[in-house]
Amino acid sequence: VSIADGDSTPGTADFTDFGSVPTALDTVERSFTIANSGTAVLNLTGTPIVTVGGAHAADFNVTAFPALSVVAGGSTTFQVTFNPSANGLRTATLSIANNDGDENPFDFSIQGTGTNSVPTDIALSASSIAENNAANATVGTLSATDADVGDAQTFTLVAGTGSTDNV
């Protein structure tokens with residue numbers, strides 16, 4: 001699937017939409033291929049070779065760079081990793097400076113969505129509970145491990161099957 005120069009509509013078909021990724025918990029990596037359909041060597045002239053710009057550039061990192069030049073009919077690849085720093089739509093633009101007369105720089109938009117991470121663990125502060133506590137005594141504090149700093153959790157003890165009335 002080809003990506004047109006100046007493409008400003010990221011999509012799943014060409015992998016310019018990185019999809020939904022749990023914020024601060026996971027990453028997604030995409031590989032892109034630069035193909036030289038011309039008759040001369042294509043020189044990639046940027047420093048760095050692929051630059052990331054735009055509103056959320058810091059959420060996208062080039063983790064493998066392409067070769068500096070591509071022979072006629074040849075290709076090279078590069079990789080970009082999406083690591084969202086916040087929930088919601090995250091956008092950026094990739095730009096590749098080169099010696100092509102009509103596609104310099106070659107740029108296109110990318111995006112991904114940071115999603116809320118679920119808590120990964122629940123803990124009780126007390127390692128043991130006194131046998132003869134008074135009614136309504138606090139026996140410990142429940143807490144959760146959550147990659148989303150600032151999220152609040154609510155715990156509810158309920159009656160019913162499997163709960164043994166939370167005793």
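User: Where is the place of Pro 119, and is Pro 119 buried or exposed, or in between?

Analyst: Strands are DSSP runs (E, at least two residues), numbered from the N terminus. Pro 119 sits in the loop between E9 and E10. Accessibility is read as buried under 20% relative accessible area, exposed over 50% and partly exposed in between, with a 1.4 Å probe and protein chains only. Pro 119 has a relative accessible area of 39%, so it is partly exposed. This is a predicted model, in which local features need pLDDT of at least 70 and side-chain atom pairs count only at pLDDT 80 or more, while totals for chains, interfaces and linings use all residues. Residues are numbered from 1 along each chain as its sequence is written, and side-chain values use heavy atoms, with hydrogens and water left out.

User: Which residues is Pro 119 in contact with, leaving aside its neighbours within four places in sequence?

Analyst: Contact means heavy atoms within 4.5 Å. Beyond its sequence neighbours within four places, Pro 119 meets Ala 144, Thr 145, Asp 146 and Gln 153.

User: Which residues have the most contacts inside the largest nonpolar core?

Analyst: A nonpolar core is a set of buried Ala, Val, Leu, Ile, Met, Phe, Trp, Tyr and Cys residues joined through side-chain atoms within 4.5 Å. The largest one has 22 residues, and Phe 18, Phe 32, Phe 78, Val 80, Leu 94, Phe 108 and Ile 110 have the most contacts inside it. At least two residues of this core come from each of E1, strand E2 (28-35), strand E5 (60-64), strand E7 (75-82), strand E8 (88-96) and strand E9 (106-115).

User: How many salt bridges are there?

Analyst: Side chains of opposite charge can pair when their charged atoms come close. The rule requires a side-chain nitrogen of Lys or Arg within 4 Å of a carboxyl oxygen of Asp or Glu, and the count comes to one. Asp 59 pairs with Arg 90, their closest N and O atoms being 2.6 Å apart. The pair links distant parts of the chain, 31 residues apart: Asp 59 is in the loop between strand E4 (50-53) and E5, and Arg 90 in strand E8. Asp 59 is buried at 3% relative accessibility, and Arg 90 is buried at 13%.

User: What should be noted about the backbone angles?

Analyst: Most residues other than glycine have a negative phi, and most peptide bonds are trans. Here Thr 47 and Pro 48 are joined by a cis peptide bond with omega of about 0 degrees, and the bond from Asn 104 to Pro 105 is cis with omega near -5 degrees. Phe 15, not a glycine, has a positive phi of about 65 degrees.

Key. Helix = DSSP H or I, 4+ residues; strand = E, 2+ residues; numbered from the N terminus.
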